[in-house]
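Please keep the sequence and the 3D view open while reading.

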Amino acid sequence: TKTCSGAVTGTMLDKVLTTMDILNVLTVGYYLDQCVETTVRALADLGYRNFLISDAVMTATMKRYQNTMENIVGVYTRAITTDEALGMIKDL
């Protein structure tokens, strides 16, 4: 159950990822400028290597999407496309 704006605070996500020795996280979702951004920042703060799937996130307007991407990409996350993510998974 998610009770906060992100997927990390108030959930067991960090504990589950740590227990499974997962260090790389692919992030997708709606409301990039709210829930997704909060999740990305929290994951970065906890030391995860986060990949934001740029064509699998959106928010209410393109302006908000672009502003948020400028704020977090290269600082808290790396932006990749779905095709790039699928390639990464295939190479595992």
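A residue is called buried if its relative accessible area is under 20%, exposed if it is over 50%, and partly exposed in between (1.4 Å probe, protein chains only). The model is predicted: local features need pLDDT of at least 70, side-chain atom pairs count only at pLDDT 80 or more, and totals for chains, interfaces and linings use all residues. Residues are numbered from 1 along each chain as its sequence is written, and side-chain values use heavy atoms, with hydrogens and water left out. Helices (H or I, at least four residues) and strands (E, at least two) are DSSP runs numbered from the N terminus.

**Confidence**

- The predictor's confidence in each residue is given as pLDDT, from 0 to 100.
- The chain averages a pLDDT of 94, and 99% of the residues score at least 70.
- Confidence is highest in E3, at 98, and lowest in helix H4 (residues 82-90), at a mean of 94.

**Strands and crossovers**

- Two strands count as paired if DSSP finds at least two bridges between them.
- Strand E1 (residues 24-30) runs parallel to strand E2 (residues 49-58), and six bridges join the pair.
- Among these bridges, Asn24 has Arg49 of E2 as its partner, and Gly29 has Val57 of E2.
- E2 also pairs in the parallel sense with strand E3 (residues 78-80), over three bridges.
- In that pairing, Leu52 stands opposite Ala79 of E3.
- A crossover is right-handed if, with the strands pointing away from the viewer, the path from the first strand over the helix to the second runs clockwise.
- E1, helix H2 (residues 32-45) and E2 form a β-α-β unit of right-handed sense.
- From E2 the chain passes through helix H3 (residues 62-72) to E3, and this β-α-β crossover is right-handed.

**Nonpolar cores**

- A nonpolar core is a set of buried Ala, Val, Leu, Ile, Met, Phe, Trp, Tyr and Cys residues joined through side-chain atoms within 4.5 Å.
- In soluble globular proteins, nonpolar side chains tend to be buried together.
- The largest core here has eight residues: Leu32, Val36, Val40, Leu52, Val57, Tyr65, Met69 and Ile72.
- H2, E2 and H3 are the elements that give two or more residues to this core.
- Another core lies apart from it, with six residues that include Val8, Val25, Ala42 and Tyr48.
- What does Ile72 touch, leaving aside its neighbours within four places in sequence? Ile72 is in contact (heavy atoms within 4.5 Å) with Leu32, Glu37, Val40, Arg41, Leu52 and Thr77.

- Tyr65, Thr68, Met69 and Ile72 are the buried residues of H3.
- They lie on the same side of H3, because they cover an arc of only 105 degrees around the axis; the arc is that of the directions from the helix axis to the C-beta atoms.
- These buried residues of H3 pack against H2, E2 and E3.
- Lys63 and Glu70 are exposed residues on the face of H3 turned away from its buried side.
- Is Thr68 buried or exposed? Thr68 counts as buried because its relative accessible area is 4%.
- Beyond its neighbours within four places in sequence, Thr68 is in contact with Leu32, Asp33 and Glu37.

- Asp45 belongs to helix H2 and is exposed, with a relative accessible area of 64%.
- Asp45 and Met69 are 24 residues apart along the chain, and their C-alpha atoms are separated by 18 Å.

**Positive phi angles**

- Most residues other than glycine have a negative phi.
- Asp21 is not a glycine, yet has a positive phi of about 55 degrees.
- Asp21 sits in the loop between helix H1 (13-19) and E1, and it is exposed at 68% relative accessibility.
- Tyr31, also not a glycine, has a positive phi of about 65 degrees.
- The loop between E1 and H2 holds Tyr31, which is partly exposed at 34% relative accessibility.
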